[in-house]
Amino acid sequence: MDSPDSDGLLAEQLLRLTRRLHRIQSRQLEPIGITPAQFRLLRTVAHYDGPPRMADLAQRLDVVPRAVTSLVDALEASGRVRRTPDPDSRRVVRIELTDEGRATLRSLRDARRAAAEEILAPLTADQREELGGLLSALVAGMPERRRC
């Protein structure tokens, strides 16, 4: 039988692992000159079929619009994204990746894989597969947050 605090211990282990992954990823992103939040925005923009609206990005990232504006400002200053007008509404701004942004995203994906490899190195292929299944079950069971 599990000890009364086994869930608490498991939660602490997950938090420690998350922090370690974040530190490794940050260390690998630093030479590229990008933050984890900027990486997340680039990935999100890349998943859309066309340039998304700033409001779409804020909703998808579950952040306030001002946070997206700050991220876009920094990524635009580095030449990785650009603001484009919406063809249907002069008030709407869309965000698209530049060639530099696509190249950065490729580098970032390599850094992300390297960070995952560093974390997963102690596990066998079977253990990695099992962990993937367990994490998928946890993610699938998470309730969706209410959007404002």
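I started with helix α3, where Met54, Asp56, Leu57, Ala58 and Leu61 are buried. A reminder to myself: this is a predicted model. Next I looked up what covers these buried residues of α3, and the cover includes α2, α4, β1 (81-85) and β2. I also checked what comes just after α3, and there Asp62 takes a positive phi of about 60°.

**α3 against α4**

How do helix α3 and helix α4 pack? I found that α3 (residues 54-61) and α4 (residues 65-77) meet at an angle of about 110°, with their axes 9 Å apart. Angles of 65 to 115 degrees count as roughly perpendicular, so I noted α3 and α4 as roughly perpendicular to each other. From α3, the contact is made by Met54, Leu57, Ala58 and Leu61. From α4, Pro65, Val68, Thr69 and Val72 take part. Sorting this contact by class, I got seven nonpolar residues, one polar and no charged ones.

**The largest nonpolar core**

Then I turned to the largest nonpolar core, which has 20 residues. Which residues have the most contacts inside it? They are Leu41, Leu42, Val68, Val72, Val81 and Ile95. I noted that α2 (36-47), α3, α4, β2 (93-97) and α5 (99-120) each supply at least two residues of this core.

Leaving aside its neighbours within four places in sequence, Ile95 is in contact with Val45, Pro51, Pro52, Met54, Leu57, Val72, Val81, Arg82 and Arg83. Two names here were already in my notes: Met54 and Leu57 are among the buried residues of α3.

A polar atom of the Thr44 side chain lies 2.8 Å from the backbone oxygen of Arg40. Leaving aside neighbours within four places in sequence, I found Thr44 in contact with Leu57, Arg60 and Leu61.

**Ala125, on α6**

My last stop was Ala125, which lies in helix α6 (residues 125-140). Exposed means over 50% relative accessible area, so Ala125, at 60%, is exposed. I also looked up Ala125 and Ile24: they are 101 residues apart in sequence and 21 Å apart in space, C-alpha to C-alpha.

Key
Residues numbered from 1 in each chain as written. Predicted model: local features only at pLDDT ≥ 70, side-chain atom pairs only at ≥ 80, totals over all residues. Heavy atoms only, no water. Axes fitted to C-alpha atoms, helices over the stretch in contact; angles between N-to-C directions. Helix = DSSP H or I, 4+ residues; strand = E, 2+ residues; numbered from the N terminus. Parallel < 35°, antiparallel > 145°, perpendicular 65-115°, else oblique. Contact = heavy atoms within 4.5 Å. Nonpolar A, V, L, I, M, F, W, Y, C, P; charged D, E, K, R; others polar. Core = buried A, V, L, I, M, F, W, Y, C linked by side-chain atoms within 4.5 Å. Buried < 20%, exposed > 50% of the residue type's maximum accessible area, 1.4 Å probe, protein only. Polar contact = N/O pair within 3.5 Å; in protein donor to acceptor, adjacent residues only side chain to side chain.
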